[in-house]
Amino acid sequence: LQFHLLKNRAKKIKNNTGYTFKKVDIHFNTFYHDHLPFELTNGQKKVLKEIRRDLGKKQQMNRLLQGDVGSGKTLVALLSMLIAADNGFQSCIMVPTEILANQHFDTISKLVAKLDINVDLLTGSIKASKRKEIHSKLINGETNILIGTHALLEDVVRFKNLALVIIDEQHRFGVAQRSKLWRKNEYPPHVLVMTATP
C-alpha cells in the first residue's frame, strides 16, 4: 500500500508541471527592506525560505501554513504573492466570508500602497458594473492580486496567468471548490492553504 501511494505521488509530481518563479526582484525586495511593518520571526523566515524554494521548482507547490490567529500568516502570504508579481504572474486569496475578504483587502492594500501592485476585491456584494471592470483587469493582467470569497469560483472569473492560489481557513472549503481554481489555467497554480486550526 505504501509503495502504491509513493508511486502515485511520484507520477503526480512528474505530471504536474507548474509555473517556475525564477527570481526575487523589485517588488519583494522593496517591500522587505523598506516597508515591512515588523521584523519577521525565525519561524516566518524559515517558512518563507521553504516557500521560495518550492516556487522555484517546476512542480506545483501544495503547502499548508498553520499558525495561531495573529501569527503573521497573511504577511507570509503577501511576500509569496510579491514573488509571483516579480515573475509576472497573478495571485489570488480565497476566503470563506465577505468580512474576512474585506479585512484582507484593507490590510494588503495598505501594505503595498507604495508599490506598483494592483489589488482588487471580488465578493458577492460587488455591483455588476464593478465586477465587469474587475473581470477585464484580470484578463488583461492589470490586476496582480485578487482577494475574494466563493465568487472567485464562478466560471466568468478568468485570469491572464494565475500562478499562486492562497486559501485562508481552508477547512471551510470543499475539495471540489478548491480544485475549481486549479482549472482556471493551462498549468496548475502553486497552492498555499492557511489555517489556524491544528
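This tour moves through the structure stop by stop, saying what to select and what is there.

The model is predicted: local features need pLDDT of at least 70, side-chain atom pairs count only at pLDDT 80 or more, and totals for chains, interfaces and linings use all residues. Residues are numbered from 1 along each chain as its sequence is written, and side-chain values use heavy atoms, with hydrogens and water left out.

**Stop 1: helix 5**

Select residues 98-111. This is helix 5, with 14 residues. Helices here are DSSP runs of H or I with at least four residues, strands are runs of E with at least two, and both are numbered from the N terminus. From first C-alpha to last, helix 5 reaches 20 Å, close to the 20 Å expected at 1.5 Å a residue. That expected span is 1.5 Å times one less than the number of residues.

Now color Leu 100, Ala 101, His 104, Ile 108 and Leu 111. These residues of helix 5 are buried. Buried means under 20% relative accessible area, exposed means over 50%, and partly exposed lies in between (1.4 Å probe, protein chains only). Look down the axis of helix 5: its buried residues fall within an arc of 100°, so they line one face of the helix. The arc is taken from the directions from the helix axis to the C-beta atoms.

Turn to the face away from the buried side. Ile 99 and Lys 110 are exposed there.

What do the buried residues of helix 5 pack against? Their partners include helix 2 (26-35), helix 4 (73-86) and strand 5 (162-168). Contact means heavy atoms within 4.5 Å.

**Stop 2: helix 2 and helix 4**

Show these two helices together. Their axes come within 7 Å and cross at roughly 145°. Axes are lines fitted to C-alpha atoms, for helices over the stretch in contact, and angles run from 0 to 180 degrees between N-to-C directions.

Select Ile 26, His 27, Phe 28, Phe 31 and Tyr 32 in helix 2. They meet residues of helix 4, among them Leu 75, Leu 78, Leu 82 and Asp 86. The residues of this contact divide into 10 nonpolar, 1 polar and 1 charged. Ala, Val, Leu, Ile, Met, Phe, Trp, Tyr, Cys and Pro count as nonpolar, Asp, Glu, Lys and Arg as charged, and the others, Gly among them, as polar.

Stay on helix 4. It is mostly covered, with 13 of its 14 residues buried. Step just past helix 4 to Gly 88, which takes a positive phi of about 80°.

**Stop 3: salt bridges**

How many salt bridges does the structure hold? There are 8. Each is a side-chain nitrogen of Lys or Arg within 4 Å of a carboxyl oxygen of Asp or Glu.

Pick Lys 45 and Glu 39. Their closest N and O atoms are 3.6 Å apart. Lys 45 is partly exposed at 34% relative accessibility, while Glu 39 is exposed at 64%.

Next, select Glu 50 and Arg 63. This salt bridge has its closest N and O atoms 3.0 Å apart. It links distant parts of the chain: Glu 50 lies in helix 3 (residues 42-55) and Arg 63 in strand 1 (residues 62-66), 13 residues apart.

Shared partners join Glu 50, Asp 54, Lys 57 and Arg 63 into one network.

**Stop 4: strand 6**

Finish at Val 191, in strand 6 (residues 190-195). Val 191 is buried, at 1% relative accessibility.
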